[in-house]
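Biologist: I am new to this structure. Could you put it on the screen and take me through the terms one at a time?

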Amino acid sequence: MDLNVKTLTLCAKGDVAEGTAIKVEAGDLELAVYHVEGEFYVTDDVCTHGPGSLSEGYLDGHEIECDFHNGRFDIRDGKVTAPPCIMELKTYRVIPDDTMVVIDPS
Ligand code: FES
């Protein structure tokens with residue numbers, strides 16, 4: 001166990017229905033928590049193209065589509081999968097936990 005890793009607990013896994021995303025505010029961070037095929041993923045909530053809130057977008061498998069201009073990202077690695085987005089989305093490592101969504105916020 002690495003004692004230098006800081007963790008941040010965001011929500012209960014049960015708070016995020018399969019195939020959906022929710023917004024979670026934690027300190028200065030505005031995050032989107034996704035639940036896809038039994039796995040949880042966490043990214044910044046604000047789109048890198050503008051003010052779109054990705055948790056209010058359309059989740060299609062492992063892709064999130066921003067509802068402002070329809071840019072898309074892969075929630076697993078933050079890579080852009082459709083324009084007009086250019087900049088990658090920040091993703092966060094999810095730390096295994098039985099009941100809660102916990103991340104490494106660094
Ligand atoms: S603000 Fe998200 S695609 Fe433009």
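What follows is a set of questions on those terms, each with a reply.

Biologist: What should I know before reading it?

Modeller: This is a predicted model, in which local features need pLDDT of at least 70 and side-chain atom pairs count only at pLDDT 80 or more, while totals for chains, interfaces and linings use all residues. Residues are numbered from 1 along each chain as its sequence is written.

Biologist: Why is Cys 47 called buried?

Modeller: A residue is buried if 20 or more other C-beta atoms lie within 10 Å of its own, exposed if 12 or fewer, and partly exposed in between, with C-beta atoms placed from the backbone. Cys 47 has 25 C-beta neighbours inside 10 Å, so Cys 47 counts as buried. Cys 47 sits in the loop between β4 (39-44) and β5.

Biologist: Which residues is Cys 47 in contact with, leaving aside its neighbours within four places in sequence?

Modeller: Contact is defined as C-beta atoms, placed from the backbone, lying within 7 Å. On that basis Cys 47 is in contact with Gly 52, Leu 54, Cys 66, Phe 68, Gly 71 and Cys 85.

Biologist: What makes β5 an edge strand?

Modeller: Strands are DSSP runs (E, at least two residues; helices are H or I, at least four), numbered from the N terminus. Two strands pair if DSSP finds at least two bridges between them. Three bridges join β5 to β6 (residues 63-65), and the two run antiparallel; Tyr 58 stands opposite Glu 65 in β6. The open sheet has the order β5-β6-β7-β8, and its edge strands, β5 (58-60) and β8 (80-82), each pair on one side only.

Biologist: How do you know that β4 and β9 pair?

Modeller: They share two bridges, in the antiparallel sense, and the definition asks for at least two. Val 42 is opposite Tyr 92 in β9. Strand β9 (residues 91-95) also pairs with β10 (residues 100-104), antiparallel over three bridges, and a hairpin of four residues joins β9 to β10.

Biologist: What makes a group of residues a nonpolar core?

Modeller: The members are buried Ala, Val, Leu, Ile, Met, Phe, Trp, Tyr and Cys residues joined through C-beta atoms within 7 Å. The largest such core here has 24 residues, and Leu 10, Val 33, Tyr 34 and Val 42 touch the most other members. β3 gives the largest share, five residues.

Biologist: Which residues does Val 42 touch, not counting those up to four places away in sequence?

Modeller: Val 42 touches Leu 10, Leu 31, Val 33, Thr 91, Tyr 92, Val 94, Val 101 and Ile 103.

Key. Contact = placed C-beta atoms within 7 Å.
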